[in-house]
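Hello,

Here is the structure I promised to pass on.

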Amino acid sequence: MNAPSISSAIRPVGSSVRDMAMVDFLREMVIQPGDRSERFHAVFLDQDHSFIESAPLGHGGSGSLTVRMRQVLGKALVLDANGLLLAHNHPSGQCRPSQRDIEATSRLKKVAKALDIALLDHLIFTQDAVYSMRAGGKL
């Protein structure tokens, strides 16, 4: 599937048709019918917030996921990305970030900023909902 471009940071998620297309794309990447494992996906954007590439960068159990910051930011550097969108799912159905999600996202944002890469949002998906850490004030 070709990913849509995105003209601006998702503020808040779903504020435009283009944003919703990206949300739908990311939902397809992390929600797999019948799969109860956590998945992590990243979208890499250029300086105009247009799509460069996306990549699955983590797959875990039903209640945990390990993603290496080095892998995410290393790929962003190789692609010369200026922006980054992150997404993962919560198979539990709880569509709020855990404390661990918040802390990991905060660390990644700080390191990305030092590399001139903007972390635009981190989305958490369940079967029925999506939570934007930016819109929720956690980013």
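A residue is called buried here at under 20% relative accessible area, exposed at over 50% and partly exposed in between, with a 1.4 Å probe and protein chains only. Helices (H or I, at least four residues) and strands (E, at least two) are DSSP runs numbered from the N terminus. The model is predicted, so local features need pLDDT of at least 70 and side-chain atom pairs count only at pLDDT 80 or more, while totals for chains, interfaces and linings use all residues. Residues are numbered from 1 along each chain as its sequence is written, and side-chain values use heavy atoms, leaving out hydrogens and water.

Let's begin with strand β4, residues 118-125, where 7 of the 8 residues are buried. Strand β3 (residues 83-89) pairs with β4 in the parallel sense over 7 bridges; pairing takes at least two DSSP bridges between two strands. From β3 the chain passes through helix α3 (residues 99-114) to β4 in a right-handed β-α-β crossover (clockwise from the first strand over the helix to the second, with the strands pointing away from the viewer).

β4 also pairs with strand β5 (residues 130-132), in the antiparallel sense over 3 bridges, and a hairpin of 4 residues joins the two. Phenylalanine 125 is the bridge partner of asparagine 89 and stands opposite valine 130 in β5.

Now the rings: the whole structure holds 1 aromatic pair. Phenylalanine 25 is buried at 2%, whereas phenylalanine 51 is partly exposed at 27%.

Best wishes

Methods. Rings of Phe, Tyr and Trp (its six-membered ring) pair if their centres lie within 6.5 Å; planes under 30 degrees apart count as stacked, over 60 as edge-to-face and the rest as tilted.
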